[in-house]
Amino acid sequence: MKPPTGGSGKGSAVDPSLPRFKCQECRRALVVVGVESYADRLPSHAASGMHASPVQGSIMGASRMDNSYVVLSRQNRSQGPGVPPRPPSAAAPHIEPNQSTRAIEGSYIMLPPPAASIYKTSASEGGGAQLPPPSVNSSSPLPGNNSGFHSSVTVLKRAFEIASSQTQVEQPLCLECMSVLFDKMDREIEDVNADIKAYEACLQRLEQESYNILSEADFQEKQKIEEEEKKLKAAIEEAEKLYSEVSSEMKDLEIKSKQFEELEERYWHEFNSFQFQLTSHQEERDAVFAKIEVSQVHLELLKRTNVLNDAFYISHNGLIGTVNNFRLGHLSSVENVQVEWDEINAAWGQAALLLHTMAQYFSPKFKYRIKIHPMGSYPRVTDINNNTYELFGPVNLFWSTRFDKAMTWFLTCLQEFAEFAISLDKENNVPPEKSLKLPYKIDGDKVGSHTIVLSFNKNENWTKALKYMLCNLKWVLYWFIGNTSFAPLSGSLHTQSPKNKS
């Protein structure tokens, strides 16, 4: 095939009944030419049996076909229009070249071996293959009685499709494109031939190498080596398997390690928090213990503190005894010390209240026969006969019988309470040196060597008797504090004798 050319000459005229194709490379229109000249290029066995049609001439000019053709059977003529008929025998009448438009009685379609294989079916006559009925292109301009020619054109188109599918090159092609394709294929063939030569050289070199024939010992050694190699490969596979297991275990251990690290971190956070709380609690505990110690010191101080000792402070002011700083006694005018009766009465009231409190505490164990009635600055004393006497002044220095009896019964009550205290010490097995012992002996109305009676007595003697009486009362107070769950003061009962104070 070649592209159509212009011109008005007779040789350049193109038959309008021929099909029109396009080159698949340059897309130019192509026509079928050179039908007469192609008959000489057919194979000898093919040219003797038939004369090719113009369509067949174009196919044979496209590529080299070695004895590959399809014989159309005679039965195909009755299968309808568009099916090529079976060719006649070798003695068929010769077809003239100018009879190109009449029906084709018989023809060969020359195909490459791969394309011809699609026509191989179970033929029933003459060993030929029957072609499937091709589709008729109604748009092509065909003569009225040219069904055979149309069938040949259809076969030509089918051949182009088969060639395209087998060679991976779109068909048909013009001569110029075909020439370019040939050049390209030649270069590829040269490359392939070069590769073949290189492979052959390598093969010859390998064939020329000498092979050493192994002896029986070497063969056995080689087998041992191969067995050892297999064992080593098995060991390697086992090691790889173990490695994968160890790797998975390592990953699990890493995950567990991270979890343990998180737990450890959380533990240390909680530990630090606990330590902080513990330190705070310890500080609070130490503070509480310090408060307890201070409280215990205060408690000990309170235990050693007696309300009676604070409420009834007995002391002396020179030669005059005092109770809560109230003086009890008179001195002569020579000393220029004058004590009013109101102060004396207040001192007697404090002394009466102290003795009454101590006697009432041990009642009824202590037989409180002589009743002391503390009434502030106007105390009274009731004897064993229920006679009441006033223990307050002012009184007449020469006639003070009731006041003297009140002081005498007060002194007697103090002596009885002291004897009761001594008896308690004996019951409690208190050593004699630690038992109560009055510093001044009481005998009736006398304390020591001085009488407590005011009538016809000197002020100095009466004042000394009152001072001795207050000293005995103070010793009784100390004993009372030590035996009524009250701790005594730092001064002991035996550290200082009242005689020294006087």
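**Figure 1. The open sheet of strands β8, β9 and β10.** In this predicted model, 3 strands form an open sheet in the order β8-β9-β10, and their pairing is antiparallel. The edge positions are taken by β8 (371–373) and β10 (388–390); each has a single partner strand, so one side of each lacks a neighbour in the sheet. From one strand to the next, the twist averages 20 degrees.

**Figure 2. Pairing of strands β9 and β10.** Strand β9 (residues 380–382) runs antiparallel to β10 and is joined to β10 by 3 bridges. Thr382 has Thr388 in β10 as its bridge partner.

**Figure 3. Helix α10 and the sheet.** Helix α10, formed by residues 401–427, lies across β8, β9 and β10. The helix runs at about 110 degrees to β10.

**Figure 4. Packing geometry of helices α9 and α11.** Two packed helices are described by the angle between their axes and by the distance between the axes. For α9 (residues 341–361) and α11 (residues 459–482), the angle is about 30 degrees and the axes are 11 Å apart. Angles under 35 degrees count as roughly parallel, and α9 and α11 are therefore roughly parallel to each other. Their crossing is left-handed.

**Figure 5. Residues in the contact of α9 with α11.** On the α9 side, the contact comprises Trp341, Trp348, Ala351, Leu354, Leu355, Met358 and Tyr361. These residues meet Trp462, Leu466, Met469, Leu470, Leu473, Val476, Leu477 and Phe480 in α11. The residues of this contact divide into 15 nonpolar, no polar and no charged.

Notes. Residues numbered from 1 in each chain as written. Predicted model: local features only at pLDDT ≥ 70, side-chain atom pairs only at ≥ 80, totals over all residues. Heavy atoms only, no water. Axes fitted to C-alpha atoms, helices over the stretch in contact; angles between N-to-C directions. Helix = DSSP H or I, 4+ residues; strand = E, 2+ residues; numbered from the N terminus. Parallel < 35°, antiparallel > 145°, perpendicular 65-115°, else oblique. Left-handed = near helix turned anticlockwise from the far one by under 90°. Contact = heavy atoms within 4.5 Å. Nonpolar A, V, L, I, M, F, W, Y, C, P; charged D, E, K, R; others polar. Pairing = 2+ DSSP bridges.
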